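Keep the model open while reading.

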Protein chains: 2
Amino acid sequence: MVRKKAKLAYIENDSSRRVTYQKRVKNLVKKTRELSVLCGVDACAIIYGQDEQVPVVWPSSEEEAKRIISYYNSKSDLDPSQRGFNQYTFLNDSVIKAKGKGC
Amino acid sequence: MVRKKAKLAYIENDSSRRVTYQKRVKNLVKKTRELSVLCGVDACAIIYGQDEQVPVVWPSSEEEAKRIISYYNSKSDLDPSQRGFNQYTFLNDSVIKAKGKGC
DNA sequence: CATACTATCTATAATCG
DNA sequence: TCGATTATAGATAGTAT
């Protein structure tokens, strides 16, 4: 979209498509967060990546996951089994919620 | 975010916030569509505007609604009562689906 | 109010390591 | 394949209309 005109069509090349996907997902989530903060609205973004089992979900997987991780990191003296209940479990739960009852 | 440094905080001024909201929602939807097309993934964006009864939902309210409208426009010889089953009804249906079972 | 304008800032495709 | 770089197209806050 920069040194060559954008065509807005499916990117056939696998590696190019993956790189573009990662860059754009990152910024799409960022934009969603900005809109939410700036305008005080509830916004939700869900992206089902091709090869990923867990879709990217905002706000859950981004903001809330970070919060969870920070929480557990700050409690490094916590019972290891409790700390094991972590990002993976949380993310799966988020996805189920997102699929089951919207955002 | 341009002539003044961005602060990424809630915009207090009502009119400014509304204008910013409209601009950003438009582009957020555009970005979502681009990601979906470029990378061949399913992406979904839902924004619950403050004063609007119907949230902005993509792909439903954007792509599919246009499809529906185009469909009815192309059938201008259709029974008027059938054409009356139009954008409004469809959008409500989309929102219900989005809220009820995800994207 | 809503649009249009425009000076800047941001996103990003291509490239290199 | 991923991260860093860079040049350019795109997004946007403030302002004008």
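**A buried arginine and its surroundings**

Arg17(A) counts as buried, because its relative accessibility is 9%. The cut-off for that label is under 20%. The model is a predicted one, and every value below is computed from it.

Where does Arg17(A) sit? Helix H1 of chain A holds Arg17(A). Set aside the neighbours within four places in sequence, and Arg17(A) is in contact with Tyr10(A), Ile11(A), Glu12(A), Gln50(A), Leu38(B) and Cys39(B). That list includes residues of chain B.

Arg17(A) also has a charged partner. Asp14(A) forms a salt bridge with Arg17(A), and the closest N and O atoms are 3.1 Å apart. Both residues lie in helix H1 of chain A. They are 3 residues apart, about one turn of the helix.

**Salt bridges between the chains**

Over all chains the count comes to 4 salt bridges. Across the interface of chain B and chain A there are 2.

Take Glu34(B) to begin with. Glu34(B) forms a salt bridge with Arg24(A), with 2.9 Å between the closest N and O atoms. Glu34(B) lies in helix H1 of chain B and Arg24(A) in helix H1 of chain A, so this pair joins two chains. Glu34(B) counts as buried, because its relative accessibility is 8%. Arg24(A) is buried too, with a relative accessible area of 17%.

Now turn to Arg24(B). Which residue does Arg24(B) bridge to? Arg24(B) forms a salt bridge with Glu34(A), the closest N and O atoms being 2.8 Å apart. Arg24(B) is in helix H1 of chain B and Glu34(A) in helix H1 of chain A, so this pair also joins two chains. Arg24(B) and Glu34(A) are both buried.

**The interface as a whole**

How many residues meet across the interface? On chain B, 35 residues are in contact with 35 residues of chain A. The size of an interface is often given as the accessible area lost when the parts come together. Here chain B and chain A bury about 2,900 Å² between them. Carbon and sulfur atoms carry 68% of that area.

Polar contacts also cross the interface. There are 8 residue pairs in polar contact, both residues at pLDDT 80 or more. On the side of chain B that touches chain A, the elements giving two or more residues are H1, E1 and helix H4 (87-101) of chain B. H1(B) gives the most to that side, with 13 residues.

**Strands across the chains**

E1(A) and E1(B) pair in the antiparallel sense over 7 bridges. Within that pairing, Ala43(A) stands opposite Ile47(B) in E1(B). E1(B) has a partner in its own chain as well. E1(B) and E2(B) pair in the antiparallel sense over 3 bridges, and Ile46(B) stands opposite Val57(B) in E2(B).

How enclosed is E1(B)? Of its 7 residues, 5 are buried, so E1(B) is largely enclosed by the rest of the structure.

In a regular strand the side chains alternate between the two faces of the sheet.

The largest nonpolar core has 27 residues. Those with the most contacts inside it are Tyr21(A), Leu35(A), Ile47(A), Tyr21(B), Val25(B), Leu35(B) and Ile47(B). Which elements give two or more residues to this core? From chain A they are helix H1 (14-39) and strand E1 (42-48). From chain B they are helix H1 (14-39), strand E1 (42-48) and strand E2 (56-58).

Ile47(A) shows how the chains meet there. Beyond residues up to four places away in sequence, Ile47(A) touches Tyr21(A), Val25(A), Leu28(A), Pro55(A) and Val56(A) in chain A, and Leu35(B), Val41(B), Asp42(B) and Ala43(B) in chain B.

A second, separate core has 6 residues. Among them are Cys44(A), Val57(A), Ile46(B) and Val57(B).

**Chain A in outline**

Step back to the chain that holds Arg17(A). Chain A has 4 helices and 2 strands. From the N terminus on, its elements run α-β-β-α-α-α. Of its 103 residues, 32% count as buried. Among contacts in chain A with a separation of 6 or more, residues 24 or more positions apart account for 48%.

Terms used:
Residues numbered from 1 in each chain as written. Chains lettered and ligands numbered in written order. Predicted model: local features only at pLDDT ≥ 70, side-chain atom pairs only at ≥ 80, totals over all residues. Heavy atoms only, no water. Core = buried A, V, L, I, M, F, W, Y, C linked by side-chain atoms within 4.5 Å. Buried < 20%, exposed > 50% of the residue type's maximum accessible area, 1.4 Å probe, protein only. Contact = heavy atoms within 4.5 Å. Pairing = 2+ DSSP bridges. Buried area = accessible area lost by both parts, 1.4 Å probe. Salt bridge = Lys/Arg side-chain N within 4 Å of Asp/Glu carboxyl O. Polar contact = N/O pair within 3.5 Å; in protein donor to acceptor, adjacent residues only side chain to side chain.
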